[in-house]
Amino acid sequence: MEMSSVSDNASAKGAEGASGSTSAADLSNVEINEATTVPEVEVKHAPFQSQPSLRGEMTEEQLKELGDKMRKEQAKKYFSLREGAFANAVEECKLYLDDSDGEILSSWLLSEIDHWDHEKERIVLITKKTLCLVKYNFIGLKVDEMRKVPLINCDKIQIGRFVYPKTTMMMITGYADNSPHSKQSGLRIFYSHQEPSFFQNWNPWSNEMPYISLTSHVQSALVESPPEAVQHSLFSKALIDAITNARETEPNREILNSFEVVEAELEIYVYIGLSALVYNQSKLGFCKDRGNVFF
C-alpha cells in the first residue's frame, strides 16, 4: 500500500509540472493590452555605477604630491640623471678635445631634435673655439660620437617655438597637436648659408645638415627646480657670448660671414612622422632603464 501511495504522489507531481509547463507556453501567446508599470526600485552598490573621480577624493596638495612622486620615479629611469653621471661623462668627453678647441667654457645636457623630429639626448660642450655635440652612452660609459663646429662658422641663431608644416600628415592625423615638440621652444644653430639638399632632408640618418636644433633636456620637465645645465634658454645666452668672443679674437674676422640672432618659429621639416611617433613616445634617443632591454 505504501509503494502505491508513493507512485500516486509522483504521478501527481509530474502532472502538475506538465500542467505548469503548458501554462508557461500558453502565456507567450497572450496579448497584453494594458500598460505594465514597474515599481521604482533603488539599486545600491551596483557594480557598473560610475565611481567618484580621483580628483574629487584628493586635495590639490595631494594631487601635487602624487605628481611629484610620479615624476621622481620617471627621473630615476634616466641614467644621465643619476648622481655624478653627467659630471663623469663630461670628464670622459674632455679626452676627445685637443689644443685647437681651446679650454671648456661650459657643459650642458640637452636634447637634439633632428630633421626627422627624432629627439636625442646630447652632451653639448662650449669651448673657446668650438661647439661640440656629443652622443654619450650613459650605460656603457663611453663616447659614441662627437661632432665639432667651429664657433666662427656659426652665422645665425634662431630662437622660438617648434612648429610643423601646415599641409602635412602631421597636421591631418593630429600628431602635431599631441606632439610635445609643438609646445616646446628651443634654438636652431646655423653654421652654413647653404640650404639642406633633397637627399639630406629625406635621409633620416643624415648628420650633415647645415644646422643643429636643440631644446631643454627631459629633466627640465621631471624636476621642480632643474639645474642650469639642462635649460636651453641659459645655453643660448652662453653660446651667443662664446660666438661673439670667438669672432672678435679671430685674426681674419673681416672675411667671416655676418652673425645674427633672430626670434622666429622653428619649423620641423617632416611630412609623415610615423617613425618619430614611435621613437619619441618610447624615448629611444635616451639612455633609459627599460627593464631587461636597453637602447
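**Cores, bridges and spaces**

Modeller: The largest nonpolar core has 19 residues, and V124, L131, I189, L214, F235 and L239 have the most contacts inside it. A nonpolar core here is a set of buried Ala, Val, Leu, Ile, Met, Phe, Trp, Tyr and Cys residues joined through side-chain atoms within 4.5 Å. Buried means under 20% relative accessible area, exposed over 50%, and partly exposed in between, with a 1.4 Å probe and protein chains only. This is a predicted model, in which local features need pLDDT of at least 70 and side-chain atom pairs count only at pLDDT 80 or more, while totals for chains, interfaces and linings use all residues. Residues are numbered from 1 along each chain as its sequence is written, and side-chain values use heavy atoms, with hydrogens and water left out.

Biologist: Which element supplies the largest share of this core?

Modeller: Helices (H or I, at least four residues) and strands (E, at least two) are DSSP runs, numbered from the N terminus. At least two core residues come from each of β1 (104–113), β2 (119–127), β3 (130–137), β6 (185–190), β7 (211–216) and α9 (232–248). The largest share is 5 residues, and the element that supplies it is α9.

Biologist: Which residues is F235 in contact with, leaving aside its neighbours within four places in sequence?

Modeller: Contact means heavy atoms within 4.5 Å. F235 is one of the residues with the most contacts inside the largest core. Leaving aside neighbours within four places in sequence, its contacts are W108, L110, V124, I126, L131, L187, I189 and L214.

Biologist: How many residues are in the other core, the one with F79 and C93 among them?

Modeller: This core lies apart from the largest one. L109 and F138 are also among its residues. Its residues number 17.

Biologist: Is S106 buried or exposed?

Modeller: S106 is placed in strand β1. Not counting residues up to four places away in sequence, S106 touches V124, L125, I126 and A238. The C-alpha atoms of S106 and L125 are separated by 6.1 Å, although the two are 19 residues apart along the chain. Because its relative accessibility is 18%, S106 counts as buried.

Biologist: What is the relative accessible area of P150?

Modeller: P150 lies in strand β4 (residues 142–150). Leaving aside neighbours within four places in sequence, P150 is in contact with K129 and T130. Its C-alpha atom is separated by 9.5 Å from that of T127, 23 residues apart along the chain. P150 is partly exposed, with a relative accessible area of 33%.

Biologist: How many salt bridges does the structure hold?

Modeller: A salt bridge is a side-chain nitrogen of Lys or Arg within 4 Å of a carboxyl oxygen of Asp or Glu. One of them joins the side chains of K76 and E73 (3.3 Å, N to O); K76 is exposed at 52% relative accessible area, while E73 is partly exposed at 41%. The structure holds 10.

Biologist: Which residues are linked with E112 in a network of salt bridges?

Modeller: The side chains of E112 and R122 meet in a salt bridge (3.2 Å, N to O). This pair links distant parts of the chain, with E112 in strand β1 and R122 in strand β2, 10 residues apart. E112 is buried, with a relative accessible area of 7%, and R122 counts as buried at 10% relative accessibility. Linked with E112 in the network are R122, E145 and R147.

Biologist: With which residue does K120 form a salt bridge?

Modeller: K120 counts as buried, at 15% relative accessibility. In its salt bridge the closest N and O atoms are 3.2 Å apart. The partner is D114.

Biologist: What is the volume of the largest cavity?

Modeller: On a 1 Å grid over the protein atoms alone, a cavity is a set of points where a 1.4 Å probe fits but cannot get out; lining residues have an atom within 4 Å of a point. Grid points are joined across faces, edges and corners, and a volume is the space filled by probe spheres set on the points. The lining consists of I113, D114, H115, R188, Y211, S213, E267, I268 and Y269. The volume of the largest cavity is about 40 Å³.

Notes:
1 Å grid on protein atoms, 1.4 Å probe; cavity = no way out; pocket = protein on both sides within 12 Å on 5 of 7 lines; lining within 4 Å.
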